[in-house]
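Dear colleague,

I am passing on the structure below, together with some notes on what was found when going through it. Please read the notes with the coordinates open beside you.

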Amino acid sequence: AFAAAVRFSEEPHGWLVFLGGSFCGKTHLAAAIGNYRIALGGQALLVEVSSLFDYLRQSFHPNSDVSFDRRFQEIRAAPLLLLDNLKESSTGSAWAEDRLHGLLNYRFNMYQPTVLTSTLDANSFALNYPSLWNKLLDSSRCQFISINMPPYRRISKGSVRAY
């Protein structure tokens, strides 16, 4: 996973997908990719998926100074988008699912570099996002990394330790 993140950060082409349990390092790797690209003078947007939709919904408030379309276009066109914590499709609203599908479909069709992280395993990912899964099976444009590690945060007898 680390080597794939380094390669992608050097030349962010296509999509990189990190799958694995909570606290196995997926978000850490995605953030490192984004920070590296920013340090090189590029742009990157790292956002947790549910927070993304909260951000988009804010444009519907009467006092919003930006339209939904403008805000959504800014996210779609981000030079590097890192979407963290893609959950089961049934956990969001139909509106959110539709926006997510539109966002990811656009980025895939426009060959925009994208990093996804999810706690879903490959089978669950395929069941929850069949249309996206079929796109991601294109190994010339996408790389899946399953991180099969125990959580790096563990609780031991009354104290919290990071390993």
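**Cores and helix α2**

Leucine 116 touches Trp15, Leu16, Val17, Phe18, Leu83, Leu86, Leu104, Phe125 and Leu132, leaving aside residues up to four places away in sequence. Please bear in mind that this is a predicted model.

The largest nonpolar core has 27 residues, and Leu116 is among those with the most contacts inside it, together with Trp15, Leu52, Leu83, Leu86, Phe125 and Leu132. At least two residues of this core come from each of β1 (15-20), α3 (49-57), α4 (68-76), β3 (81-84), α5 (94-109) and α7 (130-136), and the largest share, 5 residues, is that of α5. There is also a second, separate core of 14 residues, which includes Ala4, Cys24, Leu29 and Leu82.

Leu29 also belongs to the buried residues of α2, which are Lys26, Leu29, Ala30, Ile33, Gly34 and Arg37. Because these buried residues fall within an arc of 135° when seen down the axis of α2, they line one face of the helix. They pack against α1 (2-10), β1, β2 (45-48), β3, β4 (114-118) and β5 (142-147), whereas the face turned away from the buried side carries the exposed residues His28, Asn35 and Ala39.

As a check on the geometry of α2 (residues 26-39), its 14 residues should span 20 Å at 1.5 Å a residue, and this agrees with its end C-alpha atoms, which are 20 Å apart. Just after this helix, glycine 41 takes a positive phi of about 95°.

With best regards

How values were computed. Residues are numbered from 1 along each chain as its sequence is written. This is a predicted model: local features need pLDDT of at least 70, side-chain atom pairs count only at pLDDT 80 or more; totals for chains, interfaces and linings use all residues. Side-chain values use heavy atoms; hydrogens and water are left out. A nonpolar core is a set of buried Ala, Val, Leu, Ile, Met, Phe, Trp, Tyr and Cys residues joined through side-chain atoms within 4.5 Å. Buried means under 20% relative accessible area, exposed over 50%, partly exposed in between (1.4 Å probe, protein chains only). Helices (H or I, at least four residues) and strands (E, at least two) are DSSP runs, numbered from the N terminus. Contact means heavy atoms within 4.5 Å. The expected span of a helix is 1.5 Å times one less than its number of residues. The arc is that of the directions from the helix axis to the C-beta atoms.
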